[in-house]
Amino acid sequence: MSGPRPSDLTASEACREIAAGELTATALLEDCIARVEAREPDLRAWARFEPEPARRRAADIDQQLHEGTFEGRLPGIPVGVKDVFNTADLATEMGSPIWKGFTPGNDARVVAHLRWQGALVPGKTATAEFAVHHPGPTRNPHRATHSPGTSSSGSAAAVASHMLPMALGTQTAGSTIRPSSYCGIYGFKPTFGVIPRTGILKTLDTLDHVSMMARSIEDLRLMFDCCRVEGVNHPYVHTTIDQWSPERLTMPIRVGLVRGPVWEHAEPYAQTALLELAHEWAADPDVELDELTLPGVFTDAHDLHDLIYSKALSYYFRQEYTEHRELVSDRFLEMVEHGAQVSTTAYHDGLARQRALVHTLEEVFERYDVILNLSTGGVAPEGLDGRDRPDCCLIWTLCHAPAMSVPVFTGPDGLPFGAQLVATRYADPALLWIAETLRAKGLVREWSPEPVEAV
């Protein structure tokens, strides 16, 4: 086959080649396996990589394709699964030695959805401890001395290094947007609750989001449509998402530029890059861009997130804290102990404030189709335990809003970082469409890494 290697294709490109008979599921999987074998010793993106069951499934799919009986939307597409999702055939250890070898015996619902569509799961990608802050072993695929971000670090590194075209992640603060920004790929956190959370590690009832990473917006749309709830049994989703069409949007696209409550923490080069991008967008006749200052209640969003987050961790991880304290990181212990000091009254008050923020942001979106801001305050910090600069990611997580990191910026040292697009709740299709439209107009120009080394 001429052209790019199979592992260099996006999932959507691979689907088209497989449908045309120009590529087989087995050939795609084997090239992804070769890429893993070449890069994994340095990147350590996988908690475990066990491709034999995926090989057998790829052969079955190829046979079904030959017979014309395959009906899924992901014909043998390899997908990375963060090691906090249950998988029936692979252990789920959640980045902690406490759960070493734990096999839940079932698939998380979203994993089941992907398998039903023909996706292959050759392994589990590395995560931070309990998907929180203490980092896993993964390195940034573009510079090994820098962080890949937490906690969906393995998924981001695997996609960015072409080990596979797309992967599942989670986000409770910025765990998908940040790694995507640092690794130079697209990351998408859909509206809270639109992707089923059954069979996934729970850290927080009101903040845990299922998310996805890929190397194209088209792949994010494909993965979103394969994973989300749909149909008349989900009436609000059916009305707002199932039946959405571009005709619901009127031109020009109304963009609100948000510097954010923590703008001063962003690197000067990142501030300049965002403002220059906004200036370019504002010059386009199909974009109406204004600078937007969020209402004052968002000033305390970071403290509110910390209150809710730490309290929930102290509740859900009480057993690990009391029975396996020696196997828990100091950083996680600090968060649990901090949360234990938060009263039940303060916690419920925090949840009420979170609900108020959700509605306040919806009022803001009465005037805008999308918000533009930074994904991160700059490129990946140096060191695997490099602390993230404060950013706006957790604001959009608190507000249950769909958010996307777009890999458009290059730092002074050549590393990538992203711009973040945010829409109102249940406007996920509009957000994807707007991103695709801006890219088609040349207003989103993707960061280009050095060529992936040959195997």
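Which helices each supply at least two residues of the lining of the largest pocket? The legends below take up this question first and then turn to other parts of the model.

This is a predicted model, in which local features need pLDDT of at least 70 and side-chain atom pairs count only at pLDDT 80 or more, whereas totals for chains, interfaces and linings use all residues. Residues are numbered from 1 along each chain as its sequence is written, and side-chain values use heavy atoms, with hydrogens and water left out.

**View 1. The largest pocket and its lining.** Helix H10 (301–316) and helix H12 (330–340) each supply at least two residues of the lining, and H10 gives the most, with five residues; helices (H or I, at least four residues) and strands (E, at least two) are DSSP runs, numbered from the N terminus. The largest pocket has a volume of about 590 Å³ and is lined by 25 residues, of which His-133, Arg-178, Arg-331, Arg-387 and Asp-388 lie nearest its centre. On a 1 Å grid over the protein atoms alone, a pocket is an open set of points with protein on both sides within 12 Å along at least five of seven lines, a cavity is a set of points where a 1.4 Å probe fits but cannot get out, and lining residues have an atom within 4 Å of a point. Grid points are joined across faces, edges and corners, and a volume is the space filled by probe spheres set on the points. By class, the lining of the largest pocket divides into seven nonpolar, nine polar and nine charged residues, where Ala, Val, Leu, Ile, Met, Phe, Trp, Tyr, Cys and Pro count as nonpolar, Asp, Glu, Lys and Arg as charged, and the others, Gly among them, as polar.

View 2. Eleven strands form an open sheet of mixed pairing in the order E1-E3-E2-E4-E6-E5-E10-E11-E9-E7-E8, two strands being paired if DSSP finds at least two bridges between them. Strand E1 (46–49) and strand E8 (287–291) are the edge strands, each pairing on one side only. Strand E10 (residues 403–410) and strand E11 (residues 416–422) run antiparallel and are joined by six bridges, with Val-406 standing opposite Ala-419 in E11. Helix H4 (residues 109–116) packs on the sheet and touches strand E2 (79–82), strand E4 (166–171) and E6, contact meaning heavy atoms within 4.5 Å.

**View 3. Two buried loop residues.** Ser-216, in the loop between strand E6 (209–214) and helix H7 (217–227), is buried, with a relative accessible area of 12%; buried means under 20% relative accessible area (1.4 Å probe, protein chains only). Leaving aside neighbours within four places in sequence, Ser-216 is in contact with Thr-10 and Tyr-186. Phe-192, in the loop between strand E5 (186–189) and E6, is also buried, with a relative accessible area of 17%.

Methods
Buried < 20%, exposed > 50% of the residue type's maximum accessible area, 1.4 Å probe, protein only. Axes fitted to C-alpha atoms, helices over the stretch in contact; angles between N-to-C directions.
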